[in-house]
Amino acid sequence: MNGDVPTRVADLMSADVHSVDGLATVAEAMAVMRRHTISSLVVNRRDSDDEFGLLVVSDIAAQVIAANRAPERMHVYEVMSKPVLTLPSDMQARYATRLLVRLGLSRAIVVDHDRNLLGMATLRDLVLAEGE
């Protein structure tokens, strides 16, 4: 990040975000993760008053695999985290980094001012952009 113009979350987020419905099975979600070689999925909102959810492989590992439960018999909504942190796309990246660190999170969903999904910001991407 240079000293002249602040870097925004939108500059560093990944816009290639995959999502899943909360009623999908965990097995279906795992198939999407395998197909796209990703470790998290945004869980769609049911309507404009709902919040986004997030399903990450560590959730599946802890709540499904380690608990000896069948992924094809569990739904995403049973395993996901919700609500999850959302960042405005125009937030300065350094503040997003501070917030993620303070909350002990590795990623957050990026939204526009109307709360539409734009992408995903990861602590990794925010930190590695520092000093560019």
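Helix 2 (residues 26-36) and helix 3 (residues 57-65) pack against each other at an angle of about 145°, with their axes 11 Å apart; helices here are DSSP runs of H or I of at least four residues, strands are runs of E of at least two, and both are numbered from the N terminus. The axes are lines fitted to C-alpha atoms, for helices over the stretch in contact, and the angles run from 0 to 180 degrees between N-to-C directions. The contact, meaning heavy atoms within 4.5 Å, is made by V26, M30 and M33 of helix 2 together with V57, I60 and V64 of helix 3. By class, this contact has 6 nonpolar, no polar and no charged residues, where Ala, Val, Leu, Ile, Met, Phe, Trp, Tyr, Cys and Pro count as nonpolar, Asp, Glu, Lys and Arg as charged, and the others, Gly among them, as polar.

The model is a predicted one, in which local features need pLDDT of at least 70 and side-chain atom pairs count only at pLDDT 80 or more, while totals for chains, interfaces and linings use all residues. Residues are numbered from 1 along each chain as its sequence is written, and side-chain values use heavy atoms, with hydrogens and water left out.

In helix 5 (residues 93-103), the residues A93, A96, T97 and L100 are buried, a term for under 20% relative accessible area, with exposed meaning over 50% and partly exposed in between (1.4 Å probe, protein chains only). These four residues lie on the same side of helix 5 because they cover an arc of only 100° around the axis, the arc being that of the directions from the helix axis to the C-beta atoms. Among the elements that cover them are helix 1 (9-12), strand 4 (86-88), strand 5 (107-111) and helix 6 (123-129).

Y95 also lies in helix 5, but Y95 is partly exposed, with a relative accessible area of 35%. The C-alpha atoms of Y95 and V9 are separated by 9.1 Å, although the two residues are 86 apart along the chain. Just after helix 5, G104 takes a positive phi of about 70°.

Most residues other than glycine have a negative phi, and most peptide bonds are trans. A cis peptide bond, with omega about -5°, joins K82 and P83, and P83 is found in the loop between helix 4 (76-79) and strand 4.
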